[in-house]
Amino acid sequence: MSSVPTTARLIDGNALARSIRDDVARRVAALAARGVVPGLAVVLVGENPASAVYVRNKVKDCAEVGIASTLDRLPADTSETALLERIVALNADPAVHGILVQLPLPEHIDEHRVIEAISPAKDADGFHVSNVGQLVVGEPLFRPCTPYGVMKMLEHAGTRLDGAEAVVIGRSNIVGKPQALMLLAAGATVTVCHSRTRDLAAHTRRADILVAAVGRPNLVTADMVKPGATVIDVGMNRGADGKLCGDVDFAGVSRVAGAITPVPGGVGPMTRAMLLVNTIEAAERGAR
Ligand code: NAD
């Protein structure tokens, strides 16, 4: 990737995430002076290897900035009732400011029921309908980490959102939909494209801001991008060469775009950092 001549400005997710972590660490220290230690409870059910890696990273990230984290590793055959009981206990624990149940859950557990059991005031992922509803009408307590991180990247890149044409590809509950709502709240004119969109390129070519959150390597090519646009690549895929890649043909698109995020080193580290932000914000709210 580094050997590709680029014209687009690179939006460096690693560097921005680092500065966000530094800020969180300062806020943790300020709370410590008042006797408050922010706490994140992570719950993992089963042995999904990808989930195990994500959870390990979350615990490590917390330790780095001084957030106290706990990890409940529950066996794959944990009953839904037992998981719900654990969540009730975490909801009541004053040392816990954020709760995160790693998804996906084993098939015998109703994911929706589990998310809705988490107190909206501790919903570190921002997936509870109360926070989703607040995202629609006002100020949520928590915002989903990935689209929240994208907003921070756009802010950092100095991309004008007010009145801009924003196109989001993907309509999932964890990325596409909340991303569209956040861009709308920031004053953009938002189009959401998805698997049933008829002429994807006709939409993307209008975009001042293009966010790709699909899961298909090279879905977005240079001819689909408006010159000078800001292109955010949320996708995380394994390319044919086994390497991590996004949804955007980086080599081609970076010759057209004005600013672009790389994969790896773009949205991924920001998603991790925003979980820490959500946790410190919750602890600060609790301390008020
Ligand atoms: P998802 O599978 O839930 O949703 C994918 C969306 O893409 C769907 O809404 C679908 O309609 C749309 N889509 C599929 N094919 C399409 C096509 N040909 N044209 C236009 N739209 C199409 O996925 P998700 O959970 O939203 O994740 C999307 C991608 O982002 C994945 O690669 C995932 O790994 C990645 N991701 C990355 C991070 C990160 O931190 N970097 C976080 C979450 C997800």
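Predicted model: local features only at pLDDT ≥ 70, side-chain atom pairs only at ≥ 80, totals over all residues.
Biologist: Which domains is the chain divided into?

Modeller: The protein chain has domain 1 (35-120) and domain 2 (144-268). The bounds come from an automatic or database domain assignment.

Biologist: What separates their centres?

Modeller: Taken over C-alpha atoms, the centres of domain 1 and domain 2 are 29 Å apart.

Biologist: On to the inside. Which residues touch the most other members of the largest nonpolar core?

Modeller: Val24 and Leu183 do, in a core of 49 residues. A nonpolar core is a set of buried Ala, Val, Leu, Ile, Met, Phe, Trp, Tyr and Cys residues joined through side-chain atoms within 4.5 Å. Buried means under 20% relative accessible area, exposed means over 50%, and partly exposed is in between, with a 1.4 Å probe and protein chains only.

Biologist: Which elements give two or more residues to this core?

Modeller: The helices are helix 1 (13-32), helix 2 (49-65), helix 6 (145-157), helix 7 (176-185) and helix 10 (267-287). The strands are strand 2 (39-45), strand 5 (165-169) and strand 7 (209-212). Helices (H or I, at least four residues) and strands (E, at least two) are DSSP runs, numbered from the N terminus. Helix 10 gives the largest share, 9 residues.

Biologist: Where does this core lie relative to the two domains?

Modeller: It lies between domain 1 and domain 2, because both give residues to it.

Biologist: And what does Leu183 touch?

Modeller: Leaving out residues up to four places away in sequence, Leu183 touches Met151, Leu154, Leu161, Ala166, Val168, Ala188, Val190 and Val211. Contact means heavy atoms within 4.5 Å. There is also a second, separate core of 20 residues, which includes Cys193, Met224, Val231 and Ile260.

Biologist: What about Thr159: buried or exposed?

Modeller: Thr159 is buried, at a relative accessible area of 17%. Its place is in the loop between helix 6 and strand 5. Not counting residues up to four places away in sequence, Thr159 touches Leu154, Ile209 and Thr230.

Biologist: New topic. How many salt bridges are there in the whole structure?

Modeller: A search finds 11. A salt bridge is a side-chain nitrogen of Lys or Arg within 4 Å of a carboxyl oxygen of Asp or Glu.

Biologist: What joins Glu165 and Arg206?

Modeller: Their side chains meet in a salt bridge at 3.0 Å, N to O. Glu165 lies in strand 5 and Arg206 in the loop between helix 8 (200-204) and strand 7, so the pair ties together parts that are 41 residues apart in sequence. Glu165 is partly exposed at 25%, and Arg206 is partly exposed at 34%.

Biologist: And how do the side chains of Lys226 and Asp208 meet?

Modeller: They meet in a salt bridge of 2.7 Å, N to O. Lys226 sits in the loop between strand 7 and strand 8 (230-233), and Asp208 in the loop between helix 8 and strand 7, so this pair ties together parts that are 18 residues apart in sequence.

Biologist: Where is Glu284 found?

Modeller: Glu284 is in helix 10. With 19% relative accessibility, Glu284 counts as buried. Not counting residues up to four places away in sequence, Glu284 touches Arg27 and Leu31.

Biologist: How many residues apart in sequence are Glu284 and Asp223?

Modeller: They are 61 residues apart in sequence and 46 Å apart in space, C-alpha to C-alpha.

Notes
Residues numbered from 1 in each chain as written. Heavy atoms only, no water.
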